Structures are given as structure tokens and as C-alpha cells.
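Hi,

Here is the structure I promised to pass on. Please have a look at it, and then read my notes below.

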Amino acid sequence: MKIYYVYILKCSDDTYYTGFTSKLDTRIMEHQSGKHRDSYTYSRRPIQLAFYTEFTDPNIAIDTEKQIKKWSKVKKEALINGEFGNLPNLAKKKFNS
């Protein structure tokens, strides 16, 4: 059974990059080495792996990657830190009365 990964990298400029791959180690090395000049991480190296999760269905993995890419930095950090209970509250918009 093939495994797919959704991962979050922390970049040197304190931003996060979210990606999808079936070869996590290879993909991390590509980010670290700057293999793809047009990639988001190229000018933000060094990078470090902050989070990853595994999937057996590539469609669910891709959907998850797209969802995480839309999240705020605070919500991504809650995921990275395992603060799963905070995730729903971080999705709610706050309105001033």
C-alpha cells in the first residue's frame, strides 16, 4: 500500500510551507538543496520539517493539503504543536460588537 504525506516546513524567514508527496525524505532533501529554483522554499532555506501526517488515499491527502494551505499561521502552529482541541476555535472569525 502506497503512503502519501502532507507536510509543513518551517522556513528561515519564520513562514510555513505546506506540501504533498509520496516520498517525504526525498522531497525534504529537494527543499533543503534548493533543487527547484521557482519553489517557495528556495530563497527561504534552511528549512526544517515541522509536521507531517500519512494517508493511504491520495485524494484525501491532496484535500487536506489544500485545506491547511488556507489556514492562518496561528492555526498551523496549533496543528504542529498537537493542540488539536484549539483547531475548531481558530477557524471561527471574530467580530467586534
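Predicted model: local features only at pLDDT ≥ 70, side-chain atom pairs only at ≥ 80, totals over all residues.

Residues are numbered from 1 along each chain as its sequence is written, and side-chain values use heavy atoms, with hydrogens and water left out.

Asp14 sits in the loop between strand E1 (4–10) and strand E2 (16–21). Helices (H or I, at least four residues) and strands (E, at least two) are DSSP runs, numbered from the N terminus. The phi of Asp14 is near 70°, a positive value in a residue other than glycine.

What does Lys73 touch, leaving aside its neighbours within four places in sequence? The partners of Lys73 are Asp14 and Tyr16, where contact means heavy atoms within 4.5 Å. A polar atom of the Lys73 side chain lies 2.8 Å from the backbone oxygen of Asp14. Lys73 itself belongs to helix H3 (residues 73–80) and, because its relative accessibility is 36%, counts as partly exposed. Between Lys73 and Ser33, 40 residues apart in sequence, the C-alpha to C-alpha distance is 25 Å.

**A cis bond**

Another spot to look at is the peptide bond between Arg45 and Pro46, which is cis, with omega about 0°. Pro46 is found in the loop that runs between helix H1 (24–33) and strand E3 (48–55). As background, most peptide bonds are trans, and most residues other than glycine have a negative phi.

**The chain as a whole**

The protein chain has 4 helices and 3 strands, in the order β-β-α-β-α-α-α along the sequence. Its C-alpha trace spans about 50 × 35 × 20 Å along the principal axes. Of the 97 residues in the protein chain, 33% count as buried. Among contacts in the protein chain with a separation of 6 or more, 55% come from residues 24 or more positions apart.

Best wishes

Conventions: Buried < 20%, exposed > 50% of the residue type's maximum accessible area, 1.4 Å probe, protein only. Polar contact = N/O pair within 3.5 Å; in protein donor to acceptor, adjacent residues only side chain to side chain.
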